[in-house]
Amino acid sequence: MNRALDLAGAAAATVVLAPVLAATAVFVRCTMGSPVLFRQERTGLHGRPFTFVKFRTMRPSPRGFDPGSDAERLTAAGRFLRATSLDELPALWNVLRGDMSLVGPRPLPVAYLGRYTEQEAHRHDVRPGITGLAQVLGRNNLTWEQKFAHDLHYVRARSLRMDLRILAATVRTVVRRDGVTAAGSATNHELRAVPEGRQA
């Protein structure tokens, strides 16, 4: 049932939002040049990596995956795309491919593998989502521990009804632009390797 919702929802959204996708692609190309899309290896179902796609919001980093340089690389156009969540629209392709669901824990970089506790790693027991429980309950205003707690609750209690409620709440979160950035960060704070208070 969840996969049927993903396919139907992603296909319908892609058709309806096709003009928005095209306009956003042109906007990125005109303001930041090419490439228009950002691709990154992220962790999916059962810990398997997949290539996540979204509209580019930053200048390329010569150091590869480096969250510490986000403030330097994030452009004004990129801030707008993130604030409106337009940068996330290409991930509908990941949903159609089966890499992601509409709803689930957010996919995190493969570089973070090995930084989860044994319990936190269970967030990979389901497909990652474009939106999720943590996104509608605080997004980047939450600590990593709070996000993971919401992720694990979703894994244990997920249902079609919960997914529909999260999708409805996502619209409100996007309109209000809640939790787009973490306090003291241009985007979000990096997940540290088993920081104090978290046991591997």
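At what angle do helix α7 and helix α8 pack, and how far apart are their axes? The legends below take that view and a few others. This is a predicted model, in which local features need pLDDT of at least 70, side-chain atom pairs count only at pLDDT 80 or more, and totals for chains, interfaces and linings use all residues. Residues are numbered from 1 along each chain as its sequence is written, and side-chain values use heavy atoms, with hydrogens and water left out.

**View 1. Helix α7 against helix α8.** Helix α7 (residues 144-157) packs on helix α8 (residues 160-176) at an angle of about 140°, and their axes are 9 Å apart. Axes are lines fitted to C-alpha atoms, for helices over the stretch in contact, with angles from 0 to 180 degrees between N-to-C directions. That angle makes α7 oblique to α8 (under 35 degrees is roughly parallel, over 145 roughly antiparallel, 65 to 115 roughly perpendicular, and the rest oblique). Look for His-153, Tyr-154 and Ala-157 of α7 meeting Met-162, Asp-163 and Ile-166 of α8; contact means heavy atoms within 4.5 Å. By class, this contact has four nonpolar, one polar and one charged residues (Ala, Val, Leu, Ile, Met, Phe, Trp, Tyr, Cys and Pro are nonpolar, Asp, Glu, Lys and Arg charged, and the others, Gly among them, polar).

**View 2. Helix α2 against helix α4.** Here α2 (residues 18-32) and α4 (residues 76-84) pack at about 155°, with axes 10 Å apart. That makes α2 roughly antiparallel to α4. Thr-24, Phe-27, Val-28, Thr-31 and Met-32 of α2 make the contact with Ala-77, Gly-78, Phe-80 and Leu-81 of α4. These residues divide into six nonpolar, three polar and no charged.

**View 3. Ser-85 in its loop.** You will find Ser-85 in the loop between α4 and α5 (91-97). With a relative accessibility of 14%, Ser-85 counts as buried (under 20% relative accessible area; exposed is over 50%, partly exposed in between, with a 1.4 Å probe and protein chains only). Leaving aside residues up to four places away in sequence, Ser-85 touches Arg-139 and Val-174.

View 4. Strands β1 (residues 37-43) and β2 (residues 49-55) pair in the antiparallel sense over seven bridges; pairing requires at least two DSSP bridges. Glu-41 stands opposite Thr-51 in β2. Five residues lie between the two strands of the hairpin, and His-46 in the turn has a positive phi of about 60°.

Conventions: Helix = DSSP H or I, 4+ residues; strand = E, 2+ residues; numbered from the N terminus.
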